[in-house]
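Please keep the sequence and the structure open while reading.

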Amino acid sequence: MNNRERILACLNYQPYDRLPVVHFGFWGETWKKWEQNGELTAECRELYHARQPAAELAKCLGFDCGYADDTLLSPNIGLTPPFETKVLRNNSDGSYDALNAQGVVVRKCKGVISIPAEVDHVLKDRVSWEKEFLPRLQFHPDRVNRAPAGGESFGKMPFAEAAGKLREEERNYLYGLHCGSLIGVVRDYLGVENLAYLQVDDEPLFDEIIDTVAGLCFQCVRTALGSGVKFDYAHFWEDICFKNGPLISPGVFARKIGPYYKRITGLLREHGVDLVSLDCDGLVDALIPAWFENGVNTMFPIEVGTWNASIAPWRKKYGKALRGVGGMNKTVFARDRRAVDDEIERLKPLVALGGYLPCPDHRIPPDAKFDLVRYYCRRMQD
């Protein structure tokens with residue numbers, strides 16, 4: 001069996017020869033640290049200096065492939081054109097405030113690699129929406145007719161050409177369609193606090209923003225599906241939760257966002273795309289009902305975090321129709337082999353449930369030890 005066949009068999013409760021070993025990417029600083037420490041093998045060092053993509057680097061560790069990173073077609077559902085990025089002011093403490101491509105003023109500090117603090121947002125009211133954002137969120141076929149994101153298999157060829165190739169060749173990797181974000185990107189534009197206020201202060205504007213963003217996603221999905229490519233799965237991104245739960249009321253989410261999910265997932269299933277996964281960080285439990293009832297059936301990356309997320313309680317509540325990818329506690333990579341062995345033993349009964357594929361839960365960080373990641377891959381291969 002090849003990687004595509006293994007992953008599809010695993011998620012569809014079918015027999016497979018061995019469990020595919022998948023990853024969800026790495027921090028850039030992780031490879032840099034391994035290189036500086038002299039931990040990379042000769043093969044990995046050669047790939048690293050040749051600036052090979054993360055997918056190729058991961059193979060030298062023992063991973064089969066990535067999930068939701070490799071060969072995922074991602075139509076452009078963002079602001080077009082984006083805002084011009086520029087530094088607005090330098091601060092006395094050495095930090096500086098800059099406008100990013102999404103119209104958010106962020107504060108950046110030298111040497112800090114975490115997500116920068118948000119200081120201000122261009123989107124504040126109907127005036128700024130109609131002047132700066134609505135024109136940038138209109139559909140055009142060029143949003144889809146471009147190279148696949150990360151497209152190692154297709155280089156820089158436009159999607160129209162890649163689509164023809166995909167129709168012709170038998171591939172041994174998953175090919176997915178990114179369906180965009182229906183609320184996470186709105187949270188980016190507004191900020192968490194403004195998102196909360198807008199629902200009360202100007203509900204019609206809130207509804208219009210959601211309708212515009214979701215409508216753009218639908219049109220991009222419909223155009224991509226019309227190409228004739230047979231996608232193996234579809235994928236959404238939201239990041240609308242944090243460690244204590246959702247950043248939006250579950251009731252508001254179900255009422256205002258849920259129907260747009262149903263519209264897109266219905267279209268996907270008309271084209272034979274039955275696996276629909278969703279990337280949302282944080283404690284997602286309160287939003288799963290709305291996603292599940294509206295066509296999302298694969299949760300990802302199941303962040304273990306401080307709340308010990310797991311496929312087990314979700315499977316008990318929602319049944320076999322709810323699948324999962326992720327849920328492997330990546331923090332063991334900073335410890336020792338015993339910790340890795342214990343984590344693999346913890347995962348075994350979850351894998352036995354079926355419809356579940358273990359994956360380090362979110363980007364392998366710089367504290368991970370190169371040899372421990374390789375050890376994990378060998379153990380999982382076995």
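1. In which helix is Gly-28 found? Gly-28 belongs to helix 2, residues 28-36; helices (H or I, at least four residues) and strands (E, at least two) are DSSP runs, numbered from the N terminus. Gly-28 counts as exposed because its relative accessibility is 53%; exposed means over 50% relative accessible area, buried under 20%, and partly exposed in between, with a 1.4 Å probe and protein chains only. Between Gly-28 and Lys-316 lie 288 residues of sequence separation and a C-alpha to C-alpha distance of 37 Å.

2. On the source: this is a predicted model, in which local features need pLDDT of at least 70 and side-chain atom pairs count only at pLDDT 80 or more, while totals for chains, interfaces and linings use all residues. Residues are numbered from 1 along each chain as its sequence is written, and side-chain values use heavy atoms, with hydrogens and water left out.

3. Overall, the protein chain has 14 helices and 15 strands. Its radius of gyration (over C-alpha atoms) is 21 Å, close to the 21 Å from the globule rule (2.2 Å times the number of residues to the power 0.38) for 382 residues, so the chain is as compact as a globular protein of that length. The C-alpha atoms fill a box of roughly 60 × 55 × 45 Å along the principal axes.

4. Of the 382 residues, 53% count as buried. Among contacts (heavy atoms within 4.5 Å) with a separation of 6 or more, 70% are between residues 24 or more positions apart.

5. The largest nonpolar core has 116 residues; such a core is a set of buried Ala, Val, Leu, Ile, Met, Phe, Trp, Tyr and Cys residues joined through side-chain atoms within 4.5 Å. Helix 9 (residues 203-225) gives the most to this core, 13 residues. Phe-63, Leu-268, Trp-291, Met-299 and Tyr-376 have the most contacts inside the core. Leaving aside neighbours within four places in sequence, Tyr-376 touches residues including Val-21, Phe-63, Met-328 and Phe-333.

6. Strand 4 is joined to strand 5 (residues 96-99) by four bridges, and Lys-86 stands opposite Leu-99 in strand 5.

Notes:
Pairing = 2+ DSSP bridges.
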